[in-house]
Amino acid sequence: MRRKPGRRLKRLLGLYLPLAAFLFFALFPFYWMFISSFKANPELYNLRANRLWITSPTLDQFRDLFAKTVVLQWLWNSFFVSFLTSMIAMSFGIMAGYALARLRFPGAQAFGLATFITYLVPTTLIFIPLASVVQRLGLSNTIWSLVITYPTFLIPFCTWMLIAYFKSIPKDMEECAMIDGCTRIGAMIRIVLPMAIPGVIFSAMFSFTLSWNEFVYALTFISSTTHKTMSVAVPTELIRGDAYFWGELMAASLLGSVPVAVLYSFFMEYFVSGLTAGALKG
Amino acid sequence: MASIAHAERPSGLPWLRRFTASEALTGYFLISPAVFLMAVLLAYPFVLAVWISLTDRVLGEPGKFVGLANFLKLLQDSLFRQTVWNSFVYTFSTVLLKMVLGVILALILNQQMPCRNLIRGALLLPWIVPTSLSVLTWLWMFDSLFSIVNYILLGLGVISRKVQWLGDPFWAMVSVIIVNTWRGLPFFAVSLLAGLMTIPKELYEAAETDGARAGRQFWHITLPLLQPVIAVVVLFSTIWTFADFQIVYILTHGGPINATQIFATMAYDVALVAGRIGEGSAISLFLFPALLVVIILLLRYLRRE
């Protein structure tokens, strides 16, 4: 079978050119972030040089960043909060998701509906009163204010994600286990959970990313430099009035972006399949 | 008797077995942590938001009940009216852009190509990376003096003089729209791709044998079958964009002269910067009708399927 002559041209125009345009649009900001953080200031602000390339790469910006700020503390805060909240959300999400997928009880439907609705409630709708709740709990200006509030938007997500996974697992196996003397919760932990691992990993990772990226609550509840998370510390601590230290800002942005990008690249298969499989099942 | 009953039980404490034997009790036990957390930190703050919006509370003082005064004051405030208008412009244009570009990108990604997974992964990056940090990069890209966007556009001859991306009211709105589209496009593309993959190949083969060209196949097969997914994605994105905060907060802070002020940024400025918490709460609550409409439409859509 011979290829039609127009086919390659058609593929170029219909596939590769638009794809290249989309890739450029999506990735150029990251390239610019990367390249800006490895330039020294004279090169960074030199309008006559070729600005899209580095002639003398340097770690100056990172050195300044580590010397002048507590960036490691911010990274640790982000990690601590994200890890803890994704674990909490994961556990509560597994429990609630299993209950909704398998058990029949009065109020189950209402609870399902409520989780779905809370999944949609934007954080900007309630951040003002939540600040006073956090204050009354004595948690203002601590990272614990984030640890308790982040699960409110993570749990609905995890629950819905896991309902879809649990429902795809055949009931027979856990029923057998229960006939053999396993309790319902024992069967859930020993039989169903291992089979839902892809869903569990995906939900945990996605929760981690959502926590790592959260901005509104962290900006509202926390004011001390040392308690801030990366996503808020970089734009608020590194911009002082009208002075923008772009090299340091980009270096810090890179440091804050790399952890989620790495996490994501390790589990990309889970991620893409998880998104395409479950994201819209709710 | 007791010993026989005990022997019959294979394992576990008696009360635990009785407890877990009941589906209802197990169900309530399993959902209780989630319910507790969401009641205290989501439902209660929402009620509190309504209450605060009916008071003249300012930072440091509890304030007193003033009825709908905050809402009435806002409706007459020209800045608030502009905020409402900006929010609609911002939401409508970005959702439209994301939808159209999202369908195109999904159609591209659905084809066979080398390194397909790598490309899909790379295109998802804007959605994964912390928005506040990537928006800082855009802020640097739109810098009044050193804008790399201007550098590239001038170099290519697309523009003849520098665009003041964030300094000009019109271009500031264009800028936040571009960045929001950049950030949200991957979600659209991946969700729509998932929708595309569920369309049976046989339909296209049948259309092919009937002589339908690619364009007609798109309008008569792809789009109608993709429509439910498009609707759901559009509704999700509408509420997220309407309530968006960080892109505008970091890129323009609502400026210049409030040209990009939207609900959430104005609520933040009024409540936490100016300290008028009652009024700020009222601004936030204007998001609620939009949320309600989206929820009702979504539930209708999902129920029909």
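Reader: pLDDT is the predictor's confidence in each residue, from 0 to 100; what is the mean pLDDT of chain B?
Author: The mean for chain B is 87, and 93% of its residues reach 70 or more. This is a predicted model, in which local features need pLDDT of at least 70 and side-chain atom pairs count only at 80 or more, while totals for chains, interfaces and linings use all residues. Residues are numbered from 1 along each chain as its sequence is written, with chains lettered from A and ligands numbered from 1 in the order written.

Reader: Where in chain B does pLDDT stay under 50?
Author: Over residues 1-10 of chain B, for which the model has 3 contacts (C-beta atoms, placed from the backbone, within 7 Å) beyond four places in sequence.

Reader: And which ipTM and pTM does the model score?
Author: Both ipTM and pTM are 0.89.

Reader: Turning to the interface, how many residues of chain A are in contact with chain B?
Author: 74 residues of chain A touch 80 residues of chain B. Helix H1 (residues 6-37) of chain A gives the most to chain A's side, with 13 residues; helices are DSSP runs of H or I, at least four residues, numbered from the N terminus.

Reader: How do H5(A) and H3(B) cross, and at what angle?
Author: The axes of helix H5 (residues 108-120) of chain A and helix H3 (residues 23-53) of chain B come within 12 Å and cross at roughly 40°; the axes are lines fitted to C-alpha atoms over the stretch in contact, with angles from 0 to 180 degrees between N-to-C directions.

Reader: Which residues of H5(A) meet H3(B)?
Author: Ala108(A), Phe111(A) and Thr118(A) meet Gly27(B), Ile31(B), Val35(B), Met38(B) and Leu42(B).

Definitions and conventions. Two residues are in contact if their C-beta atoms, placed from the backbone, lie within 7 Å. Helices (H or I, at least four residues) and strands (E, at least two) are DSSP runs, numbered from the N terminus.
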